[in-house]
Number of protein chains: 2
Amino acid sequence: MKDVAQHAGVSTATVSRVLNGHAAPTPETRERVLAAIEELGYRPNALARSLRTTSTQTLGLVISDLLNPFFAEIARAVEDEARSHGYCVVIGNADESAEQEATYVRTLLDRRVDGLLLCPATDDPSLVREVSAGGVPLVLLDRTVRGATCPVVRADGSEALTALARRLVGAGHSRIGVIAGPPDTSTGRERTDVLTTALGGVAHVVHGDFRQESGSQAAAKLIDDGATALVVMDNLMGLGALGEIRARGLQIPHDIAFAVFDDQPWFPLLDPPITVIAQPTVEMGRAAARSLLALINGRQPDDVRLTAKLVLRGSCGEAEL
Amino acid sequence: MKDVAQHAGVSTATVSRVLNGHAAPTPETRERVLAAIEELGYRPNALARSLRTTSTQTLGLVISDLLNPFFAEIARAVEDEARSHGYCVVIGNADESAEQEATYVRTLLDRRVDGLLLCPATDDPSLVREVSAGGVPLVLLDRTVRGATCPVVRADGSEALTALARRLVGAGHSRIGVIAGPPDTSTGRERTDVLTTALGGVAHVVHGDFRQESGSQAAAKLIDDGATALVVMDNLMGLGALGEIRARGLQIPHDIAFAVFDDQPWFPLLDPPITVIAQPTVEMGRAAARSLLALINGRQPDDVRLTAKLVLRGSCGEAEL
DNA sequence: GCGCAGAAGTTAATCGATTACACACCTATG
DNA sequence: CATAGGTGTGTAATCGATTAACTTCTGCGC
């Protein structure tokens with residue numbers, strides 16, 4: 001920057017003013033500075049700028065698993081929204097581990113992100129408190145924690161789950177296997193609670209860990225226990241469960257009915273296509289980014305609750321269109 | 001930091017020494033400083049540190065599309081490898097757009113990443129030159145550019161493609177549709193060249209853009225043209241092509257043989273399971289990260305060429321296991 | 001011709017760390 | 001006992017930007 005100033009025959013203050021579009025500099029001075037910048041190929045040092053202004057124009061996003069397309073879509077949406085407001089997003093991959101999550105959150109805070117979006121790995125509010133104590137704007141996404149005091153953006157699947165339960169029971173299923181998320185995540189618990197309540201006494205719940213492998217294991221167990229229908233609470237576990245069903249040579253929906261929470265582009269390609277509860281991932285991501293930006297700008301956004309929708313495709317034996 | 005120093009009754013220099021594990025400070029002083037840090041909940045400002053040391057311990061990774069599981073896996077692998085060496089990764093999503101790619105690269109450079117991993121959207125070497133001119137370590141991943149002078153990490157599918165071609169021709173196909181990537185990407189061109197050469201004259205090539213929609217369109221066109229086999233050069237376009245095949249009610253492999261470049265966890269679940277050419281994504285990501293770290297540490301890593309493998313599953317009419 | 005307002009630009013402090021150099025003190029040595 | 005060498009800390013410069021406060025210049029009114 002000093003070089004540029006010298007080259008243009010002005011002070012660094014003037015260069016800075018040109019860079020930041022201040023009113024002061026003469027069009028002529030501005031021209032000279034821009035020419036010098038061009039000539040020297042100067043690029044401002046964002047670190048120094050941020051250090052001085054205490055603003056990085058960056059949001060942190062800590063998600064549970066990049067390989068889960070659900071989170072990948074969310075990440076994409078967050079990024080789009082953030083970019084359109086002149087912000088960058090740094091993504092941290094917690095890998096469903098509370099410890100790695102904490103590490104990432106701290107790293108991002110150390111780098112002074114202007115705000116943080118978090119899909120918490122567990123219910124435990126201590127990390128959230130730590131962030132809030134640091135005064136960093138925080139929005140929770142997809143999952144919440146006990147006694148959260150910050151805005152939360154999530155999808156509500158109650159209606160869809162209830163409708164699904166009615167259909168399954170209506171179709172005469174009396175042993176319905178539920179592959180749930182970990183009991184110490186809000187989504188793991190809430191979805192399961194709603195579904196089991198709606199199902200009355202016919203639900204058999206096995207908890208997985210939102211990974212494919214746990215889906216196969218849970219499916220194996222539930223099928224052994226005589227389940228005639230399987231509802232899986234996440235797409236990765238759904239993948240695992242499907243593998244197990246195939247491996248046993250069972251026919252959907254004849255031998256076993258099947259539904260998954262989370263839609264995926266390839267579910268319609270299966271035979272039969274898979275009935276799902278689709279979450280509005282893109283809207284979730286965008287809404288979360290918007291809430292966070294609002295918080296950064298000193299406003300107090302409300303919680304956002306979007307609705308997940310039941311998409312019937314045939315894997316539960318329903319009439320196809 | 002000043003507060004911590006005051007609290008512990010030492011100078012900031014000593015605090016810094018404790019923080020950075022220098023030999024100097026007495027165990028007793030060290031204790032006092034650590035206590036003060038603990039008590040005040042102090043966290044060092046990474047921006048200031050980086051400004052002073054000119055090292056951010058951060059790698060930039062610019063990929064074409066986060067929603068493409070192929071790149072998501074790579075990103076994951078890069079991140080793992082980087083973390084194990086004490087580095088963070090900032091991911092930029094270029095969305096297959098050269099313009100957005102350039103924007104991201106510049107943003108990352110402005111933030112002074114220690115090195116950059118790039119999956120270039122096009123062949124055009126100008127962006128690569130710009131980075132090199134800035135003296136920032138750079139490694140290309142998956143794709144290369146014309147006249148690249150930096151290390152490149154990619155998968156070689158020649159053998160697998162040739163083997164696949166032999167099988168298709170051997171099975172009597174005489175109109176084989178190829179859905180290729182854009183001709184201005186190295187992977188788009190090279191894979192297609194190898195395959196068409198191996199197929200002799202029976203290939204009909206349509207170029208897509210690595211997106212699902214273009215896969216359906218290309219498939220439609222090729223099927224209309226009487227193709228009895230379809231080879232798709234990327235999993236997203238594969239998804240689109242499969243949708244088109246399903247929509248027309250065609251049976252794989254009876255009506256049409258089908259194979260995809262890139263494996264996906266759900267391909268084995270289709271009926272029949274999809275024959276693929278699997279790329280070693282995790283190894284690619286790790287190798288790229290390692291090469292970049294080597295470059296950062298002043299070594300000159302060689303190009304890495306991993307091999308993609310043909311996985312026969314039945315969708316080309318081959319005998320199943 | 002004088003004073004003064006307003007514009008354009010400069011000087012220098014600042015953000016929060018790192019680190020070369022200086023300094024004080026302590027021991028071992030000839 | 002003077003001196004050399006080592007050890008633990010403090011002082012202050014530095015990284016590259018922003019910006020408050022100040023200076024200089026211009027033009028205008030009376």
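Reply: A definition comes first: Ala, Val, Leu, Ile, Met, Phe, Trp, Tyr, Cys and Pro count as nonpolar, Asp, Glu, Lys and Arg as charged, and the others, Gly among them, as polar. Please keep in mind throughout that this is a predicted model.

Me: With those classes, how do the residues of the surface near DNA strand D divide?

Reply: A residue belongs to this surface if one of its heavy atoms lies within 4 Å of the strand. By that criterion 26 residues surround DNA strand D, and the closest are A:Ser16, A:Asn45, A:Arg52, B:Arg17 and B:Thr29. Sorted by class, the residues of this surface come out as eleven nonpolar, nine polar and six charged.

Me: Which element gives the largest share of the surface near DNA strand D?

Reply: The elements that give two or more residues to this surface are helix 2 (12–19) and helix 4 (46–53) of chain A, together with helix 2 (12–19) and helix 4 (46–53) of chain B. The largest share amounts to five residues, and the element that supplies it is helix 4 of chain A.

Me: Which residue has a polar backbone atom 2.5 Å from a phosphate oxygen of DNA strand D?

Reply: Sugar and phosphate account for 62% of the atoms of DNA strand D that come within 4 Å of the protein. The backbone contact at 2.5 Å from a phosphate oxygen belongs to A:Asn45.

Me: Which are the edge strands of the open sheet in chain A?

Reply: The sheet has six strands in the order 2-1-3-4-5-11, with parallel pairing. An edge strand pairs on one side only, and this holds for strand 2 (88–93) and strand 11 (304–307) of chain A.

Me: Which residue in strand 11 of chain A does A:Asp156 stand opposite?

Reply: Strand 5 (residues 152–156) of chain A pairs with strand 11 of chain A in the parallel sense over four bridges. Within strand 11 of chain A, the residue opposite A:Asp156 is A:Thr307.

Me: What angle does the direction of helix 6 of chain A make with that of strand 1 of chain A?

Reply: Helix 6 (residues 98–110) of chain A packs on the sheet, where it touches strand 1 (58–63), strand 2 and strand 3 (115–118) of chain A. Taken between N-to-C directions, the angle of helix 6 with strand 1 of chain A is about 175°.

Notes. Residues numbered from 1 in each chain as written. Chains lettered and ligands numbered in written order. Predicted model: local features only at pLDDT ≥ 70, side-chain atom pairs only at ≥ 80, totals over all residues. Heavy atoms only, no water. Pairing = 2+ DSSP bridges. Contact = heavy atoms within 4.5 Å. Axes fitted to C-alpha atoms, helices over the stretch in contact; angles between N-to-C directions. Polar contact = N/O pair within 3.5 Å; in protein donor to acceptor, adjacent residues only side chain to side chain.
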